[in-house]
Amino acid sequence: MSESLWRRQLSDGLGAMGIELSTDQQEQLLAFLALLNKWNRAYNLTAVREPRQMVPRQLLDSLTLLPYITADRVLDAGAGGGLPGIPLAIARPDIHFTLLDSNSKKTRFLTQCKLELLLDNVEVIHGRAEDCRPDQPFEQVTSRAFTALPNLVDWCGSLLADEGQFLAMKGQFPDDEVSGLPSGWQVGARHRLDYPGCDGERHLLIINRVSPRQDSTTGG
């Protein structure tokens, strides 16, 4: 029952969101969802366990980021159960996604997804963000249910290119977290996210460094 329900929910949801994916890509997304559901019983990868909520809250929610992904290399920080990194990697095979998480059970699951789904554009790294030393910084860093914004820029700031962007997915608009951003960082844009089956507020905050010119202007 779940498989036919998921297939219908995914097809209808993609249509409503104006996202065109091939049949193979849709099957990859459903295969990922089946893996997530299977491994979740032992590894506690996600709190979403009701089958009817899985396509909207895991696949469609992740895919709301598609219009904002503009870089060739993207880091998904605190990748957890692969959301949003795996759905984005399936939808954009032309972009290289690095999935970073400090939990070995979760990176084991992500590695299994990469192998079973044949995701050549995915790299999995087990480790803390503060200890990560990539060959070059990333132009975009995504996060979903990872940590508060001040922690995000503190832990992952060194991984972001000078002109790069954090794409932070949140529920209700996090006023306290925004006000707690350290100097040198700002919310460059905010967007309401929506998808079929969305049952609450969803926001995307695009965070970037304050340019030296802006700093000197605001500093008087």
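Entry 1. I began with Val74 and looked for its bridge partner in β4, which turned out to be Gln140. I kept in mind that this is a predicted model. Stepping back to the whole strands, I found that β1, residues 73-77, and β4 run parallel and are joined by three bridges.

Entry 2. I then turned to the pairing of β4 with β5, residues 160-170, where I found six bridges between two strands that again run parallel. As an example of who faces whom, I noted that Thr142 stands opposite Leu167 in β5.

Entry 3. How many of the seven residues of β4 are buried? I looked through residues 138-144 and found that six of them are buried, so that I could write the strand down as mostly covered.

Entry 4. Last, I looked at helix α1, residues 2-17, and helix α2, residues 23-43, whose axes lie 11 Å apart and which pack at an angle of about 130 degrees. The crossing in which α1 passes α2 is right-handed. On the side of α1, the contact is made by Trp6, Arg7, Leu10, Ser11 and Leu14, while α2 contributes Gln26, Glu27, Leu29, Leu30, Leu33, Ala34 and Asn37.

Terms used:
Residues are numbered from 1 along each chain as its sequence is written. This is a predicted model: local features need pLDDT of at least 70, side-chain atom pairs count only at pLDDT 80 or more; totals for chains, interfaces and linings use all residues. Side-chain values use heavy atoms; hydrogens and water are left out. Buried means under 20% relative accessible area, exposed over 50%, partly exposed in between (1.4 Å probe, protein chains only). Helices (H or I, at least four residues) and strands (E, at least two) are DSSP runs, numbered from the N terminus. Two strands pair if DSSP finds at least two bridges between them. Axes are lines fitted to C-alpha atoms, for helices over the stretch in contact, and angles run from 0 to 180 degrees between N-to-C directions. A crossing is left-handed if the near helix is turned anticlockwise from the far one by less than a right angle, and right-handed if clockwise. Contact means heavy atoms within 4.5 Å.
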